[in-house]
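These are my notebook entries from an afternoon with one structure.

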Amino acid sequence: MLHYAVRRFALAALIVFVAVTAMFLMIRAVPGDPVQIMLGPRATPELQARLTAELALDQPIWNQLAIFYGNLLQGDLGVDVFSGRPVTSIVLQQLPYTLELIVASILWSASLGIALGAYAAAHPNTLIDRITAAVSVAFVAAPAFVVALLSLLVFAVHLRWFPAIGVGDGVLDRLNHLVLPAFAIGLSWVGYVARLVRASMLEVMGENHIRTARAFGLSERRIVMIYALRIAILPVVTVIGVGIGFLLSSAVFAEIVFARPGLGKLVIDSITTRNYPIVMGAVLVSTTLFVVSTALADLINAWLDPRARSTV
Amino acid sequence: MSKPRSELHLILTGVARDPLGLMGLIIVGTIVFCALFASWITPHDPIGMNIQDRLQGPSLTYLLGTDQLGRDTFSRVIAGGQVALKVALPAVFGAMTIGLTLGMIAGYGPKWLDNLLMLFFDTIRSFPTVMFALAVVALVGPSLQTVVLVVMATSIPTYGRVARTQTLTLRNSEFILAERSMGASMARILGVHMLPNIVGVLAVLAAMDIPTVIALEAGLSFLGLGVKPPTPSWGALLKDGYSLIRQTPWLVVGGGLPIILATLGFTFLGESLRDVVDPKLRKQR
């Protein structure tokens, strides 16, 4: 297990390294003066001079890369073009809002999806199973930002059940502000998780240990809830790990639509003001987050199911 | 009748027999038809302004009302379908071709090349799609071509990985071994014998990928980072609708419903195709 964990994280580190290097080279590959491009037209000459020195643009590209990584390892992602504040602290300030939204979305959609999937698998080919299947497909198809806009229109603007913008103050108000964005992001996951759990549940229900449990005369309810579900849930762990990337993407839209602070809003605002250090910093942090969560999901999976350890 | 045609015929009847598949076929057919004949269907010029009639509700003249510049929303929805397909089809086709080539090389080539290509695929996949798109748009500026390129780049790994797995499975099958023992060249083995066995699976994947691509294009245009105004795109409609959401619901509805319909149609069609072409795939997703 330790061997697997080390190899899996080495791979994750390698991927982050290649991704960050690719991003670094991409900025250099765009024609024009990199300082001009990164700082935009409104940067002061002092800032331009400082960045030129910092990036060592007069040196060969490999030295520049080394310096870039030197700064990165010290947690230095550069400075905001306008305020001069370090990018790291700006990004870390916005990150919790995005994480809060993602966690809320996963929690409600995965629990509902697992419940629906387990119910459908326990009662296969009944009317409810068919309805769940059809609704799942319909939900999977709905892109998060369209759902966000439509729910904003219906529940915030017309029915006025929930607030339209911001994050709110205090626990209850914050939760109230989370409802619509988390609904929009999570909706497509309900169907996805439900189908996944249903399929893996049906497979598990056919296995020997379930037959044994039946032979012992355990109640159907107990078999489903205690013995089948805990195994059937495994694929959901992997899917959620990989899904963090999709959730991060959906969160960008939800933050724009509901005017919430967060990584996505930060990036969009920074693109419109051509504040490249922040864009790059935020993309880097979200990429790392994604890679780490995928690796963690693989680890959890390997811990729960030893057969998965052989593949890296 | 030649063999490929009868196979296509079989696949189409198979899809049409499945109720969801038939529904997908009808929706996709309608969208493609509207996109092809957009200029005949649109009752008004999709970018023609008529300020006196701005922000109207649905009427017989304006089926879905008008926007803040008095442009006919229905005409813009129809023309928007054209833009969506103009982005989705080249992007999906390009990604499929490149992914197929790289995937077959990874599956058939030496181990180090395989590792290198897999690392390349994993790296692209490690960027959250929208974040990657935003970074690229920030650097090179928004345009239709940028959207196509970004979308293409992000879906290459999906095709590449599937093509690689298929190649690896086929590589040791008896008919390939027989070919090789008869001295067939690598190009012949890959192009003549393996390709036809992989393309079907990838085509199914492509049909299921189109909704993602359409949603991504619409999403970028919604953020103002996709196709530029006044080009009518579903995402641009939503962008206008969002800023006017307290004045009129029709722009959000007009931009949102076609996206949902298109994703539904292509998903139904893709799933039904998959079940007909290769039922084994069902488990892998």
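**Entry 1: one residue**

I began with D129(A), which I found in helix α6 of chain A; helices here are DSSP runs of H or I with at least four residues, strands are runs of E with at least two, and both are numbered from the N terminus. Before going further I noted that this is a predicted model, in which local features need pLDDT of at least 70 and side-chain atom pairs count only at pLDDT 80 or more, while totals for chains, interfaces and linings use all residues. Residues are numbered from 1 along each chain as its sequence is written, and chains are lettered from A and ligands numbered from 1 in the order in which they are written.

Setting aside neighbours within four places in sequence, I listed A120(A), H123(A) and P124(A) as the contacts of D129(A), where contact means that the C-beta atoms, placed from the backbone, lie within 7 Å. I also looked up Y227(A), which is 98 residues from D129(A) in sequence and 21 Å away in space, C-alpha to C-alpha.

**Entry 2: two helix pairs in chain A**

I then turned to α8(A), residues 171–205, which packs with α11(A) at an angle of about 160°, their axes being 10 Å apart; axes are lines fitted to C-alpha atoms, for helices over the stretch in contact, and angles run from 0 to 180 degrees between N-to-C directions. The two helices are therefore roughly antiparallel, the word for angles over 145 degrees. Residues in this contact include W189(A) of α8(A) and G243(A) of α11(A). I sorted the contact residues into 13 nonpolar, three polar and no charged, where Ala, Val, Leu, Ile, Met, Phe, Trp, Tyr, Cys and Pro count as nonpolar, Asp, Glu, Lys and Arg as charged, and the others, Gly among them, as polar.

For α12(A) and α13(A) I noted an angle of about 155° and axes 9 Å apart, so this pair too is roughly antiparallel. Here L263(A), L266(A), V267(A), S270(A) and I271(A) of α12(A) meet I278(A), V279(A), A282(A) and S286(A) of α13(A), and by class this contact has seven nonpolar, two polar and no charged residues.

**Entry 3: where the chains touch**

How many residues does each chain give to the contact? I wrote down 40 residues from chain A and 33 residues from chain B. Among the elements giving two or more residues on the side of chain A are α1, α6, α11 and α13, and that side has 36 nonpolar, four polar and no charged residues.

**Entry 4: chain B and confidence**

Chain B has twelve helices and zero strands, and 48% of its 285 residues count as buried.

Last, I looked up pLDDT, the predictor's confidence in each residue from 0 to 100. Its mean for chain A is 80, and 91% of the residues of chain A reach 70 or more. In chain A, confidence is lowest in α2(A), at a mean of 67, and highest in α5(A), at 87.

Key. Contact = placed C-beta atoms within 7 Å. Parallel < 35°, antiparallel > 145°, perpendicular 65-115°, else oblique. Buried ≥ 20, exposed ≤ 12 C-beta atoms within 10 Å, placed from the backbone.
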